[in-house]
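Take a look at the model below.

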Amino acid sequence: MSDFIDLRSDTVTKPTAEMRKAMAGAEVGDDVYGEDPTVNALQEKVAKVLGKEASIYVASGTMANQLAIKSHTQPGDELIMEATSHPYNFEGGGIAAISGVQAYCLQGIRGILEASQIESAVRPQDHHYPLTRLICIENTHNRGGGSIYPLKKMEEIYRFAKSKGLLVHLDGARLWNASVATGIKPHEYAEHADSVSVCISKGLGAPVGSLVAGTKAFIDRVHRFRKMVGGGMRQAGILAAAGIYALDHHFDRLKEDHENAKRLALGLREIKGISINPDHVETNILIFGVAQTGMPSIELRDAMKKEGVLMNALGGQQIRLVTHLDVTREDIDKALVAFRKVILKK
Ligand SMILES: Cc1ncc(COP(=O)(O)O)c(C=O)c1O
């Protein structure tokens with residue numbers, strides 16, 4: 001796939017030469033004994049960046065969310081989540097299979113919920129009902145098109161949660177993007193959640209891994225469940241080194257991905273049949289309608305592949321594009337040329 005302009009996801013990035021050097025030189029140990037100095041350094045660094053007592057390195061964003069949910073809940077509990085959220089839709093039914101919990105899903109606007117909506121979803125204290133335990137929110141919101149949770153809405157949700165004795169988990173796989181786009185520090189967002197998962201293998205460009213952050217007691221529970229699902233990774237410092245490198249060198253450059261996404265959105269808006277609002281492109285994800293092009297999204301995806309551009313079709317009439325470290329401004333312009341060619345030929 002290396003000759004393609006790959007706009008399917010920001011997970012497709014390859015480690016840079018400098019990142020590989022950092023990985024090759026990493027000091028390692030057995031992390032299951034807590035003896036990998038590079039894993040420990042990454043965990044300390046991420047806990048600090050998020051303003052939490054502790055964090056733990058895990059294999060993926062899915063594992064991070066699922067272990068956090070497991071650690072917060074008991075079987076039979078209910079979670080309040082947004083209907084298009086990642087942990088509900090794209091983690092293999094893990095909340096039911098791993099935690100034995102059920103979801104009360106609410107429809108947000110581009111993934112964003114209001115505290116008042118959540119308030120109406122909390123179950124009454126009555127034995128007929130499940131126990132509402134946890135609220136999950138996602139910042140940025142993947143299916144919302146990389147939308148940013150306004151800090152004020154997070155504050156309101158957290159204040160409400162605390163008034164009801166509920167917990168809040170933040171799926172912050174792309175919290176870095178929200179932070180770079182708004183200038184609000186990751187810890188200022190994280191302050192409004194009891195636990196946070198963050199990913200180093202998306203926009204930041206590390207090859208593997210996510211972290212969960214929270215109180216020491218909570219991370220101790222996550223650690224136990226990480227062991228239970230076979231997530232202890234031994235000399236994982238080789239991987240953690242890429243995460244440290246990514247945080248130090250690839251954080252600020254996320255701005256370029258956002259500029260490229262906006263450039264792409266502005267170009268797409270000019271193509272007949274594409275429906276996109278560039279104002280809704282806040283970070284590195286674009287989701288747009290193609291119904292009026294006369295091509296189902298799968299046909300468009302396949303035709304674009306022949307022009308050297310990879311992308312994901314969502315349902316029959318939408319396309320998702322994601323900008324990242326391995327996509328340049330020139331690639332964006334080439335992708336726009338390909339879009340024009342494919343759609344106007346139709
Ligand atoms: C918002 C969000 N959370 C969690 C994940 C899961 O991450 P992973 O693919 O590392 O399991 C993703 C993946 O794209 C995501 O977009």
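Which polar backbone atom is 2.8 Å from an oxygen atom of the ligand? The backbone atom belongs to Gly-61. The model is predicted, so local features need pLDDT of at least 70 and side-chain atom pairs count only at pLDDT 80 or more, while totals for chains, interfaces and linings use all residues. Residues are numbered from 1 along each chain as its sequence is written, and side-chain values use heavy atoms, with hydrogens and water left out.

**Around the ligand**

- The ligand is surrounded by Ser-60, Gly-61, Thr-62, Asn-65, His-86, Glu-91, Glu-138, Asn-142, Asp-171, Ala-173, Arg-174 and Lys-202.
- Helix H3 (residues 61–72) gives the largest share of the shell, three residues. Helices (H or I, at least four residues) and strands (E, at least two) are DSSP runs, numbered from the N terminus.
- Asn-142 places a polar side-chain atom 2.8 Å from an oxygen atom of the ligand.
- Asp-171 has a side-chain N or O atom 2.7 Å from a nitrogen atom of the ligand.
- Taken alone, the ligand exposes 390 Å², and the protein buries 84% of that. Accessible areas come from the Shrake-Rupley method with a 1.4 Å probe; for residues, only the protein chains shown count as cover.

**The sheet**

- Strands of a sheet pair through backbone hydrogen bonds, either parallel or antiparallel.
- Seven strands form an open sheet here, in the order E2-E8-E7-E6-E5-E3-E4, with mixed pairing. Two strands pair if DSSP finds at least two bridges between them.
- Strand E2 (54–58) and strand E4 (102–106) stand at the edges. Each has a single partner strand, so one side of each is left without a neighbour in the sheet.
- From one strand to the next, the twist averages 20°. Axes are lines fitted to C-alpha atoms, for helices over the stretch in contact, and angles run from 0 to 180 degrees between N-to-C directions.
- Strand E5 (residues 132–138) and strand E6 (residues 167–172) run parallel, joined by five bridges. Ile-137 stands opposite Leu-170 in E6.
- Why is E6 largely enclosed by the rest of the structure? Five of its six residues are buried. Buried means under 20% relative accessible area, exposed over 50%, partly exposed in between (1.4 Å probe, protein chains only).

- Most residues other than glycine have a negative phi, and most peptide bonds are trans.
- A cis peptide bond joins Asn-139 and Thr-140, with omega about -5°. Thr-140 lies in the loop between E5 and helix H7 (151–163).
- Arg-110 is not a glycine, yet has a positive phi of about 45°. Its place is the loop between E4 and helix H6 (115–121). Arg-110 counts as partly exposed, at 28% relative accessibility.
- Arg-234 has a positive phi near 55° and is also not a glycine. Arg-234 sits in the loop between helix H10 (216–228) and helix H11 (237–249). With a relative accessible area of 35%, Arg-234 is partly exposed.

Conventions: Near = heavy atom within 4 Å. Polar contact = N/O pair within 3.5 Å; in protein donor to acceptor, adjacent residues only side chain to side chain.
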